[in-house]
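This note sets out several points for a colleague who is meeting the structure for the first time. Please read it with the sequence and the model at hand.

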Amino acid sequence: MPSTIFTTKPKSVKFEEKRQSVGKLQCQVVLLDNSLFVATFERKSTKGQELFDRVCEKLSLPPNGRNHFGLQFVDGVDGELTWLDFDRQVRPQRKKPYSFQFAVKFYPSDVSSVPNEVLDLLVLQIKDSLIRGKFVTSVNEHAILDGFFAQAILGDFKPKIHKRGYLEDLLGSFFAQPNGINSDYEISEDKYETMVHTLHRSHKGLTTCEAKLGFLEIAKSLPFYGMSLHHGATDNNGNAVLLAICNTGLLVLAVDNFGIPGNTIENFPWHEIITMVDQNRKLYVVVYSEERKDGGSFSYRFHGHFGHKAAHRVVNDALEYQAFYYKPEKKLVRRSKSFGEVDSHLVNVGQFQRNDRKYATTTGKIRSRGSLKKFTDSIKRKMPRRQRSVKLSNSAIEDSPASNSQDTSTTSSMTYV
């Protein structure tokens, strides 16, 4: 009888890969040139900052240019784009697969002062956003941007090399004619290519840096350039509004029945915002203008099952924008009887520390479920909406205690020190 030979069944390649990946964290990041970067970490407890640093090293980004960028992902709960928190671990924020998009988070106010590496990525971000319809512009302006973009990427026009169709062949997905999503009207591919070709030839002699700066100067005039937009909110009258966070503050824009933004309803500069609070589905903004000596409390409600996440996302984005763009020479400190509730509220939640309890440090995020309604109601009573107040002298305030002041609509109980 022939002898039986027993052989060991080879292990599956998939099983080996799976066993090797146990205890490790693998993240995928789509870069701005549409390439994919994969980073593997030995610890599953890796924080977002470690992943971001790995991406920046891949892109050779200098430390002084990294603060303009971040990592985005689609929230698995409500399907909205969310920024990865660098101070927290990656896994609790993002479910598998751990995929992210490297993107510009804060657009520089002065593009001439940023490193060249930041300029390259900023141009790619704007070009990608324009193609996706995040920016809307005219066909002519669209062609001007593409003319500068072709000069920055391809250099001077060369008749022997740049034959018909060279823009699509050499620029790939970064070249596309305007359509109904990103422009005021559509245009044929041949006609649009001729427009960009003519503009590209006219830029002969421009250096790569000069072409990028010319591109960015045009891009800065695009609607909603550098803004973080938040849809789905209504004001106190039930009118749909769009909240736009920018480098100067928080804007509230009207929205028509088709969801198209219109005129600016409210403009809250950073130096006038006392505090921003999210509670359930509502966003509360308390403002005061030292120049006009007036202020008020405003609220906006987000609708839907996940409206609370939308409101919380606005507060996070607004605080990050304020911290990045708003650099006051001296921190504003207020002493006020009418803001006594604000002061006691901040003391109760324990989020802030100060040496003198008479002073209210009025910046930051507050989440206190029980006392928020009393807090906002007292602000509305003490400081009517956009109503001008009469100045009081220091002697009048000292002689008149807060308990005897009953008509707060005609007198101001706020003083500054």
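1. Contact means heavy atoms within 4.5 Å, and buried means under 20% relative accessible area, with exposed over 50% and partly exposed in between (1.4 Å probe, protein chains only). The buried residues of H8 are Ala-211, Lys-212, Gly-214, Phe-215, Leu-216 and Ala-219.

2. The model is predicted: local features need pLDDT of at least 70 and side-chain atom pairs count only at pLDDT 80 or more, while totals for chains, interfaces and linings use all residues. Residues are numbered from 1 along each chain as its sequence is written, and side-chain values use heavy atoms, with hydrogens and water left out.

3. Helices (H or I, at least four residues) and strands (E, at least two) are DSSP runs, numbered from the N terminus. Helix H8 covers residues 208-219, and its twelve residues should span 16 Å at 1.5 Å a residue; the expected span is 1.5 Å times one less than the number of residues. The end C-alpha atoms of H8 are 17 Å apart, which agrees.

4. Thr-137 is found in the loop between helix H4 (116-132) and helix H5 (139-154). Thr-137 is buried, at a relative accessible area of 5%. Leaving aside residues up to four places away in sequence, Thr-137 touches Leu-130, His-142, Asn-182, Ser-183, Asp-184 and Leu-222. Its side chain also makes a polar contact of 2.4 Å with that of Glu-141. A polar contact is a pair of N or O atoms within 3.5 Å; within protein, one must be able to donate a hydrogen and the other to accept it, and residues adjacent in sequence count only if both atoms are side-chain atoms.

5. Rings of Phe, Tyr and Trp (its six-membered ring) pair if their centres lie within 6.5 Å; planes under 30 degrees apart count as stacked, over 60 as edge-to-face and the rest as tilted. By this rule there are 15 aromatic pairs. Among them, Phe-52 and Phe-102 are stacked, at 6.3 Å centre to centre with 20° between the planes. Phe-52 lies in helix H2 (residues 48-58) and Phe-102 in strand S5 (residues 99-104), so the pair ties together parts 50 residues apart in sequence. Phe-52 is buried at 3% relative accessible area, and Phe-102 is buried at 0%.

6. Phe-52, Phe-69, Phe-86 and Phe-102 form one aromatic cluster.
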